[in-house]
Amino acid sequence: MNSSLRRVVTAGALAGIPLLAAPQQSLAQPAFEIPALFRQECEQCHGEAQQMAGLDLRSREALLDGGQSGPAIVPGDAETSPLYLRVTGAEQPAMPVGRSLRPNEVAAIRRWIEEGAHWEPGPDQARTADSVERSGRGTANEDGRWWAFQRPVRHSVPEVSDSRWDRNPIDAFLQEQREKNGLTPAPPADRRTLIRRAYLDLIGLLPPPEEVEAFLSDDSKWAFNELVDRLLGSPHYGERWGRHWLDIARYADSKGYEQDYDNPNAWRYRDYVIQAFNQDKPYSRFVLEQLAGDELDDMTFDSVTALGFHRVGPRVAFREKDNPEYRYTYLDDMIGTTSRAFMGLTVNCARCHDHKFDPITQMDYYRMLAVFFPYVDYDFPLAPPDVVARHEARVAEIEAVIMPLKRRLAEIEAPYRERAFEERLRRFPRDIQVAVHTPEEDRTDGQKLLAAQVRSIGPGRGFDSLMPEKVLATVQRLRAEIRNLEQQKPEDLPLAVGIRDGDFRFAPDGPGDSDAPGKGRPDDVDFEGSYLPEVGRPYVPPKTHFLPSGDYRTKGSEVSPGYPKVLLSGYVRFENPPVDGRLTTGRRRALSEWLVDPEHPLTARVMVNRIWQHHFGEGIVSTPSNFGRMGHQPTHAELLDWLATEFVRSGWSMKSMHRLIMTSESYRMASSFALKANEEADPRNAYLWRFPQQRLEGEIIRDLVLAASGNLNLAVGGKPYFPAVDVSVRNAVAKGIWVVSEEAPNLWRRGLYSYYKRGMPYPMFEVFDQPDLNITCEGRDTTTVATQALTLLNNDFVLRHAESFARRVQRIAGPEQEDLVRTAYRIALGRDPMAAELEWNVSFLNQQMALYRDDGSDDPARSALADLCHVVLNLNEFVYIN
């Protein structure tokens, strides 16, 4: 074991403090109520709505009857019970599909089977079925009666007996359910816990010790409310909560796929999102701008920058004219991301057939596809029209001189490029050579793809060596002239990546792509036309066709734009281009206006549920991007509806929702509260009888390490930086860009400003469960694995900043060991150490100093303090919201 690791492990042992591990919230693991567990995890597929594989899990008798494979359980013998083997993964497919039960839940199922599989539904099951019957919610036979497809109803706030819970409507709704389930709520959290919770929750930073002391000394009953308002007014609020939205938008700075090219202006969308949260932009406007910012009557630089929502997803390197199927891949990504983000529905599951679980037809999918079908990629110049006109005129003037030179250069280079390409092609397999040499009109689809990919690689850089001396001299002169002219072009205008509708006339069908920034011109052999309309000619959008098998080559009837029929309530306006004559169908605007209609059953519900999710660790609907039948039903349906209606009444203000939630008694409960009766009745804390602990994301953990060290650079916005990674990591990824750099202050900015590369996640973020950047993410996983502890123990970044943390502590505290320990705790944890902790840590400092003296260290006290600070950065408490 190396010296550093030995000392830190010793630190944990001597200080008596747990290193990074899963938090312990209960005194003992209670037995589960198995019917409740099955209702929560299994009945979406094996309940009233459907019984996949013929299996129903709603009663003991149904379990014993089993499904297509026979009985699901063998009472008294878990090891031969198919249900137990499926939830453990011993038999495939493992259950539940797409997720795993917690280890203690699996253990509870085993114990239940071994003890005879007794079934007592309990009052909660009867109550739930009764309430579903009364409200018309749940798995009704009629598609439109599913709870999420009903308009939210503003229920009356319940009356509760305890005055602690009657001052905030949220508390009244929650307490009503606690009382019905016999749950005792946790006491209030202490003030030190509250201020740290608020800081981490709203801005993702440590509360400064002086702010903690000021909050403790403020005995006003409004002190916490005022703290929340101050944090909501911080520019760092948008950074924290904007990062949540960027997960939903599958944001990255590179384009992904094999080449993983740079998307150089994607960061402007990231900054737009941060600014939108800081400004408390109404969520309705936030939706409109991201879906149709170019179609609004009051189009602004902000609104066209918001269109990056459609352009920050993964894109291949090949042009659509060579690979037209990619266009449908992008459209599917647009539909999937839009429907999940704003409606909590998986509409893209209906691309090839009707949705298997929700009342979404394949025609619904293609009507929504028709909304986006006319799009072309377009980079919007962020400058006034007169500036853009002068810039384009100057560029055009220089290009007029460059183009003849480029044509001459291409003519000279062509035979040498082809020779070099053919030499390179000989190194490829025979089938690839055949594909390239086959005439284009005779190629199979596979050969077309192979030829396009190989041709995109080009001849390499060696074709100059094939030229005679005189030819090479001419080529070099032409290249020099072109370089000189290129340098005379004005500096590029700032650009925002986005989309807009294209003006196409078909040659036979389907739109093309846009390769030229700021031009928006289709470059597809199947199309002719230009982006700007001809004078006097009306805009005619491209036709959208139904694809029976999901394959673009097998087209059915023409399709008009529309919405999922199950959600329609008479609001079907489409084809409404803005009155100022811009070239657009207005379809995306119609879609976004329908989404933010106050009568829409999903939009407000989905967003307030996301806000709730990030405050409490889990949404009222615990599947935030799936409100359909494969998602979980709400634990507090009436509260969700009340919040949705309140959200709309507040003008779609996200900050108003934060204030309402955070000033509730339920938010301010303690997390360290264990009561056996509660744990037996509600082991998952579904009814929020205590505040749930939450592990922080990798970006925030990195931010906190920098904040504790005093090295955090709080500059807001701008181009991404490339965090330092080991050269071996960078060398393993040959595609795209990554600037290799050493640790330095200019890299010590907040994590969300780092370069998000799809093909090479930053290791520290990845180990702490960074999501897949290729798809929308409804919520990050929280795993506990050894590599997380090893990262915090051995990562050079953490070790460097632990030393800076120690220097900061020493500057503040002076030489006294007890003061050093207190200062480290106040900075990192927002509290003083308990008496036992103080004693352990002073003892640890003395032992570490002795070790360093034996090693001949120049400054044993500083080295020992660095070890102590390193241990503090490894505490559960440091990386959790409590």
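**Cores, a helix face and cavities**

Q: Leaving aside its neighbours within four places in sequence, which residues is Y269 in contact with?
A: Contact means heavy atoms within 4.5 Å. With sequence neighbours within four places left aside, Y269 is in contact with W245, L246, A249, Y251, Q290, T305, A306, G308, F309 and V312. This is a predicted model: local features need pLDDT of at least 70, side-chain atom pairs count only at pLDDT 80 or more, and totals for chains, interfaces and linings use all residues. Residues are numbered from 1 along each chain as its sequence is written, and side-chain values use heavy atoms, with hydrogens and water left out.

Q: Which residues have the most contacts inside the largest nonpolar core?
A: In soluble globular proteins, nonpolar side chains tend to be buried together. A nonpolar core is a set of buried Ala, Val, Leu, Ile, Met, Phe, Trp, Tyr and Cys residues joined through side-chain atoms within 4.5 Å. Buried is under 20% relative accessible area, exposed over 50%, partly exposed in between (1.4 Å probe, protein chains only). The largest core here has 178 residues; W245, Y269, Y283, W612 and F805 have the most contacts inside it. Helix α15 (residues 325–343) gives the most to this core: 9 residues. Helices are DSSP runs (H or I, at least four residues), numbered from the N terminus. A second, separate core has 22 residues, including L63, I73, V87 and A108.

Q: Which residues of helix α18 are buried?
A: An α-helix has 3.6 residues a turn, so residues three or four places apart point the same way. In α18 (residues 430–437), the buried ones are I432, Q433, A435 and V436. They lie on the same side of α18 because they cover an arc of only 160° around the axis. The arc is that of the directions from the helix axis to the C-beta atoms. Their cover includes α17 (385–425) and α19 (445–457).

Q: How many cavities of 30 Å³ or more does a search of the whole structure find?
A: Rolling a probe the size of a water molecule over the atoms shows where empty space is left. A cavity is a set of points, on a 1 Å grid over the protein atoms alone, where a 1.4 Å probe fits but cannot get out; lining residues have an atom within 4 Å of a point. The search finds 4.

Q: Which residues line the largest cavity?
A: W241, H244, W245, I248, F277, M607, R610, I611 and H614.

Q: Which residues line the second largest cavity?
A: E239, R240, R243, E699, I700, D703, R750 and L752. α11 and α26 (698–709) are the elements that give two or more residues to this lining.

Notes: On a 1 Å grid over the protein atoms alone, a cavity is a set of points where a 1.4 Å probe fits but cannot get out, and a pocket is an open set with protein on both sides within 12 Å along at least five of seven lines; lining residues have an atom within 4 Å of a point. Grid points are joined across faces, edges and corners, and a volume is the space filled by probe spheres set on the points.
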